[in-house]
Amino acid sequence: MREDSLGVTLKKHRRYRNITQKQAADEMGMSVRQYRKYETGAVPSIRTYERLARFLGCAVESISAKEISGSYLETKEYKSKKRANRRKKKAKDRLNAKKRR
């Protein structure tokens, strides 16, 4: 899948928000199976584009992955939250490793 595709953008946004595919699908009022199709590259209908735009927090007109990634996924806020999530995951992994010993 291309780096700038809608599916990659959906996956990045979902991971940024730290939610599962099921939670994302529920939030958009669709089945998990349907959501997975869009995350793996299926082309959505116009009505579904509206749901995806609401989920991504952008206008339907700017739903192309390049515009979304330029306007949100590359901002300082996104990057700092991404680093914080990464630090939390590392700390959690260290804690789990200590528990296993």
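What volume does the largest pocket have? Here are some notes to read beside the model, starting with that point.

1. **The pocket.** The largest pocket has a volume of about 440 Å³. Please keep in mind that this is a predicted model, and that the figure is computed from its atoms. In general, rolling a probe the size of a water molecule over the atoms shows where empty space is left.

2. **What lines the pocket.** You will find 13 residues in the lining of the largest pocket, and Arg15, Lys82, Asn85, Arg86 and Lys89 are the ones nearest its centre. Sorted by class, the lining holds nine charged residues, two polar and two nonpolar.

3. **Where the lining comes from.** Two helices, H1 (6-16) and H6 (76-100), each give at least two residues to the lining of the largest pocket. H6 has the largest share, with nine residues.

4. **Helix H1.** Besides its part in the pocket lining, H1 is largely enclosed by the rest of the structure, because eight of its 11 residues are buried. Those buried residues are Leu6, Gly7, Val8, Thr9, Leu10, His13, Arg14 and Tyr16.

5. Asn18 sits in the loop between H1 and helix H2 (21-28). Its phi is positive, about 60°, although Asn18 is not a glycine. As background, most residues other than glycine have a negative phi. Is Asn18 buried or exposed? Asn18 is exposed: its relative accessible area is 64%, and the cut-off for that word is over 50%.

6. **The chain as a whole.** The chain has six helices and zero strands, so from the N terminus on the order of elements reads α-α-α-α-α-α. Of the 101 residues in the chain, 31% are buried. The accessible surface is about 7,300 Å², and carbon and sulfur atoms account for 49% of that area. Looking at contacts between residues at least 6 apart in sequence, 50% join residues at least 24 apart.

7. **Confidence.** The average pLDDT of the chain is 79, and 79% of the residues score at least 70. Where is confidence lowest, and where is it highest? The lowest mean, 49, belongs to helix H5 (residues 65-73), while helix H3 (residues 32-39) has the highest, at 93.

8. **A stretch to read with care.** Over residues 65-71, pLDDT stays under 50, and the model has 14 contacts beyond four places in sequence for these residues. Where pLDDT is low, the predicted coordinates should not be read in detail.

Definitions and conventions: Residues numbered from 1 in each chain as written. Predicted model: local features only at pLDDT ≥ 70, side-chain atom pairs only at ≥ 80, totals over all residues. Heavy atoms only, no water. pLDDT = per-residue confidence, 0-100. Helix = DSSP H or I, 4+ residues; strand = E, 2+ residues; numbered from the N terminus. Contact = heavy atoms within 4.5 Å. 1 Å grid on protein atoms, 1.4 Å probe; cavity = no way out; pocket = protein on both sides within 12 Å on 5 of 7 lines; lining within 4 Å. Points joined across faces, edges and corners; volume = space filled by probe spheres on them. Nonpolar A, V, L, I, M, F, W, Y, C, P; charged D, E, K, R; others polar. Buried < 20%, exposed > 50% of the residue type's maximum accessible area, 1.4 Å probe, protein only. Areas by Shrake-Rupley, 256 points an atom, 1.4 Å probe, with all protein chains shown as cover.
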